[in-house]
Amino acid sequence: MAEPVALKLTTKDFKSDQEVRWCPGCGDYAILAAVQSFMPELGIPRERIVFVSGIGCSSRFPYYMNTYGMHSIHGRAPAIATGLSVSRPDLSVWVVTGDGDALSIGGNHLIHALRRNVNLKILLFNNRIYGLTKGQYSPTSELGKITKSTPVGSADSPFNPLSLALGAEATFVARTIDSDRKHLQSVLRAAAEHNGSAFVEIYQNCNIFNDGAFEELKDASTRDDYLIRLEHGQPITFGKDGQFCVVHPPGGFGLEVRETATVSPEEIVVHDAGVTEPAYAFALSRLPGLDLRNTPIGVFRDVSRPSYDNLVQSQLEAARAKTSGTPEEQLAGLLTSGDTWTIL
Amino acid sequence: MTKQVRQLDRVVIRFAGDSGDGMQLTGDRFTSETAQLGNDISTLPNFPAEIRAPAGTLPGVSSFQVHFADYDILTPGDAPNVLVAMNPAALKANLGDLPRGADIIVNTDEFTKRNLAKVGYTASPLEDGSLDGYSVHPVGLTSMTVGALAEHDVSKKDAERAKNMFALGLLSWMYSRPYESTIRFLERKFAARPELVSANIAAFKAGWNFGETTEDFGVRYEVKPAQMSPGTYRNITGNAALALGIIAAGVRSKLPVFLGAYPITPASDILHELSKHKRFGITTMQAEDEIAAIGAALGAAYGGALGITTTSGPGVALKGETISLAVALELPLVVVDVQRAGPSTGMPTKTEQADLNMALFGRHGEAPVAVIAPRSPSDCFHAAIEAARIALTHRTPVILLSDNYVANGSEPWLLPEVDSLPDLQVEFATQPNGEDGSTFLPYLRDPQTLARPWAIPGTPGLEHRIGGLEKADKTGDISYDPANHDFMVRTRAARIEAIEVPDLEVEDPDGDARVLVLGWGSTYGPIGAACRALRQRGQSVAQAHLRHLSPMPGNVGEVLRRYDRVVIPEMNLGQLAHVIRARFLVDAIPYNQVRGLPFTAAELETMLEEVVKNG
C-alpha cells in the first residue's frame, strides 16, 4: 500500500475538468463530493491514486476524479484492478461499481478479488435498480419489484451484498449511506487504512428510477429507529432513546434485536469488527428486514490476513534473492538449460 | 551374437498405448536421446482429452510419433516405419496409418481375449494372418519387465508400469541411441524414490539387452547425424519456446511481465512454464476465468507491465470484449491463442487453424488488432518476441495464433545469442505534451507509428482518465461528435496498417514456378516437405508463408499476381483464402482439411502436382 507523505492537497485538487453528467439529484453527487473531500486525508499524491470502474451510472466516477483512472467494461473492474494492484504495489487502487456491475455481470470477479484479498478499496453504490439502462430490476431489487422488465413483479430473490462479501471471506466489510457524509468518510478512512480488500456498500438513491429506496434510513423522523450504527468496542444499541439492542440468544444461530429494557446489559452484544470467523459479521448482515428496519451501518468486519499483492510480491522477491548475474546472463543460462548438444 | 548394422537416412517411429502407459514420456525420452545424437527431428504427440479413458479402449489410445533423419526435415512424417503397440487398441487405432512392410512391436501380454474383445477383434490379429504384410515382433513386454524386476523392491504394479522403459530400451538399442540422458532423467524424476530409479533403469537395460540377445531382431539401425548449422541446440516444443520467448521479451524490454491465464488445453503448459521463472520478474496469475485473466493482464499493462494472456479458442471468444477495450484504450497486450479443433469444446487435444477469422474479425465494432502466427515449434520463441515488439511499440493488442500441432510438437532449436535478440525497450511518457507545456494529451499520437503515449500511474502531472467510451482526438475526453468518431475509427485502422512488417519471401529455387503455395502458421512444415518432394521429381513450385496476418506484408498483392495459380492449404474451411480473395481479388484455390491432425506431406504433394500439371 502507498505510504502517506506530507502533501498539501485540497478537495479542489481531486476535481477533474470534466462536466459531471449524472441526473440532477442523484445520490452519486453526494458520494463524489464526499470522496473528493476525503482524498487529501489519504496523504497520497494524486498520481499514485487510481480509480477503476466498470459500466453503469456509478462507473462514470473515475472521469470526475483528477487522479489516474480507467472506465472499463461491464463487471470487470475488480479483475482489471487486480492486475494493476498486484503489479504496482506503490499505487492506491479504488474500484467504483454498482449493484448490477458488481453483483450481476461481474459477480465472479468480485468474490474472487475478495477471497484473494487483493489490496483494493471497492465502493459498491447500491441503488437497487439499473439506472443507465433506464430502470430494470437489479440483483439487489426486492422480490416482486415492478420495473420495466418485470411488469408483474420480479421473481428473483435479491442478493444481500454484505452477506455475499462475507461468504467470500472478505477481510473488510462495511456499509454506509450517500447522504451521511460524515459517516461515509469515516468508513472510507477505515477502508483506506485496511491492508487487503475493503468492501464498502454505499446505499445510494436513484431519484429517477427508484426514488426513496432508502428513505426510512435518511428521514429524520425514522432513521434513528431504523439504523444500527456499529461502533467497534461498543454495545450495539440503537433507537432514538437507545430502546433497542442486539443480542445473541443462546442456542440460536444468529443475532436478534430486542427491546433494551427487557434484557440485562451483559446480554447486549459488544461489537467487535475483529472477530476472525465471518459468522458474526454475517449474522449482523442478516439483521435488516425487507422494510429496512434494523439496518446496521459502519464497519462490520475488519480482520488482518496477508493480501494477495503482498504474497505475490514476496514470491517474486524470494525468487530474485536467489539469483545472480544480469537478466541477460540469466536468460542465456535459461535458454541453454536442459539437454543441449553442440554442433561445431 | 554380432548383429548386422544397417544405415538409414530417416526413420519414423510411433509409440502407441493406453493413456496410462506412459507413451508421451517414452516418446519424449526417445526424442531427447535422438537429439543428443545430432539427428534432425520432428515430433507429433497425439492423445485424448480424457486423462484416463477406460483402459484398453480405442478412445484411450495415446501416441507419440517421432521422425528423425540425417538431413533437414520439416514434418513428423506421414507414415510410421515402426509402430510400438502396447495393447490391441493401440494396434487397431494405428494400423491404418502403417505402410505394408512396417515393423510392428506388440506387447503380447496385453493381447488377452478380454482386451481383444474390447476393441472388437474376434480373433487375435497376431494369429489370424491379418498382419502378414507387416514385420511383426511379438514381445512379452509386461511379463519380461516384471521378470527383470523380480529382485527389485517394488510392487507388482510399479514393476508393470516400468514396461514403457523396457520398450524404450529395446527401441534405443534398435536405433543405436545414446541413453545417458535417459538415465539422468530417471534419476531426477524419481529422486524421492530411489527404488523406482533402479527399477526403471533396470527395465530400460533389460529392454536394451533383450534387443541385443533375441534372434527376433536381426538388424540394428543407425541414422547418422544431420548436417546442421554450427551452434548449441536443444529440443523444444512450441509451448516451451513460446514461454521462453515471453521471458526473453521481458528481459529485452526491461519490463516486468504479467501473465493472466485460466487453465485450458492446449495452452496451460505456457502458464506452468512461466510460473517457474519468477526470478525474471514474471508474475503469473491463475485467474477465476478467461475474462479475468485478460482483464488482469490489461490492468497490469496500464500500470506499465508487459501484459500477456494465454488461452485457446474458447478463451479468446470470452476475451473478445476486453480485447476491444484494449483497442479503445490503445494499450499493449499480447493474447496467445493455442488453437484447437472447434467449435465449442470440439476436440481439445487436436489441432486446427480455424480461429483466424475470430482473430481478425471476432469483435464488436471496428476493432482491428495485429495478428501473427508461428510456423514451427522453435519459431514460437521468435513469434512471441515479435508479438511483444508490436504490442509495445504500437500500443495495441496482438493476437498470436499458435496451434496444438506446433505447441506440443518439437524440433531441434539452434539457441540464439541473447544479444542478437531485438531491443524492445520503449519509453513511458514523463512530461506534459500539450502546446502550453502543462497539459497532457493522452491521445496525441506519434506521427510515425500513430501510437499514443504510454503514461503510467505514478507519473506526476500526467493524471488522466481513459475508458471504453469514444474519445476525442488528442484530449481523450468523452466525445459523441460524429466526425470525431469517424476519424477515430479510421485512425485505429490506420494504426494497425502502420505497423512495419517484413516483406513476404518466396522460395522458388527453380525460379520458373507458375504455381504458388501460400500458407500460414503450422502448415509450414507439411507444405515445405511437399514442395521439396515435388521439386525432387522435377516439378517447379513456389512457397510463401505468412507470419503477419494483420497487417499483411506490403508486397503480398504483388507476389500473388506473379503466379498463374495460388493454392492455399489450411486446416480450416478456407479462412485465409477468403481474406486473400476479398482483399486482392486473386482467384486462389483453397485446399482444406479439418481432421484434427496436420496435413501429411504426401497429400499436399498429390494435390499440388495436380495443380502444377493441370493448372
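## A strand pair in chain B

Ile13(B) stands opposite Val66(B), a residue of β4(B), in what is a predicted model. The two strands concerned are β2 (residues 10-18) and β4 (residues 61-69) of chain B, which run antiparallel and are joined by nine bridges.

This pair belongs to an open sheet of six strands in chain B, whose order is β3-β4-β2-β5-β6-β7 and whose pairing is mixed. The edge strands, each of which pairs on one side only, are β3 (40-46) and β7 (135-139) of chain B. On average, and with direction ignored, neighbouring strands of the sheet are turned by 15° against each other. Helix α2 (residues 88-95) of chain B packs on this sheet, where it touches β2, β4, β5 (82-85) and β6 (103-107) of chain B, and the direction of the helix makes about 135° with that of β2(B).

## The contact between the chains

Where chains A and B meet, 57 residues of chain B are in contact with 54 residues of chain A. On the chain B side, the elements that give two or more residues are α1 (23-37), β9 (231-237), α9 (238-253), β10 (257-261), β11 (282-286), α11 (290-302), α12 (313-329) and β17 (465-467). The largest share of that side, nine residues, comes from α11(B). By residue class, the side of chain B that touches chain A divides into 29 nonpolar, 19 polar and nine charged residues.

## Nonpolar cores

In soluble globular proteins, nonpolar side chains tend to be buried together. In this model the largest nonpolar core has 263 residues, of which Ala297(B), Ala384(B) and Val398(B) touch the most other members. Leaving aside neighbours within four places in sequence, Val398(B) is in contact with Val334(B), Val335(B), Val369(B), Ala370(B), Ile372(B), Ala387(B), Ile390(B) and Ala391(B).

## An enclosed helix in chain A

Helix α9 (residues 278-285) of chain A is largely enclosed by the rest of the structure, because seven of its eight residues are buried. The buried residues of α9(A) are Pro278(A), Tyr280(A), Ala281(A), Phe282(A), Ala283(A), Leu284(A) and Ser285(A). These buried residues pack against α5 (161-167), β5 (172-177) and β11 (295-302) of chain A.

## Chain A as a whole

The secondary structure of chain A comes to 11 helices and 12 strands, and 49% of the 344 residues of this chain count as buried. Taken along the principal axes, the box filled by the C-alpha atoms of chain A is roughly 90 × 50 × 45 Å. Among the contacts in chain A with a separation of 6 or more, 66% are accounted for by residues 24 or more positions apart.

For residues 55-202 of chain A, the unreviewed UniProt entry gives the feature "domain: Thiamine pyrophosphate enzyme TPP-binding". Over residues 55-202 the chain is 32% helix and 20% strand, and the C-alpha atoms at the ends are 17 Å apart.

Conventions
Residues are numbered from 1 along each chain as its sequence is written. Chains are lettered from A and ligands numbered from 1 in the order in which they are written. This is a predicted model: local features need pLDDT of at least 70, side-chain atom pairs count only at pLDDT 80 or more; totals for chains, interfaces and linings use all residues. UniProt positions are given in the numbering used here, feature names are shortened, and annotations may be inferred rather than shown by experiment. Helices (H or I, at least four residues) and strands (E, at least two) are DSSP runs, numbered from the N terminus. Two residues are in contact if their C-beta atoms, placed from the backbone, lie within 7 Å. Ala, Val, Leu, Ile, Met, Phe, Trp, Tyr, Cys and Pro count as nonpolar, Asp, Glu, Lys and Arg as charged, and the others, Gly among them, as polar. Two strands pair if DSSP finds at least two bridges between them. Axes are lines fitted to C-alpha atoms, for helices over the stretch in contact, and angles run from 0 to 180 degrees between N-to-C directions. A nonpolar core is a set of buried Ala, Val, Leu, Ile, Met, Phe, Trp, Tyr and Cys residues joined through C-beta atoms within 7 Å. A residue is buried if 20 or more other C-beta atoms lie within 10 Å of its own, exposed if 12 or fewer, and partly exposed in between; C-beta atoms are placed from the backbone.
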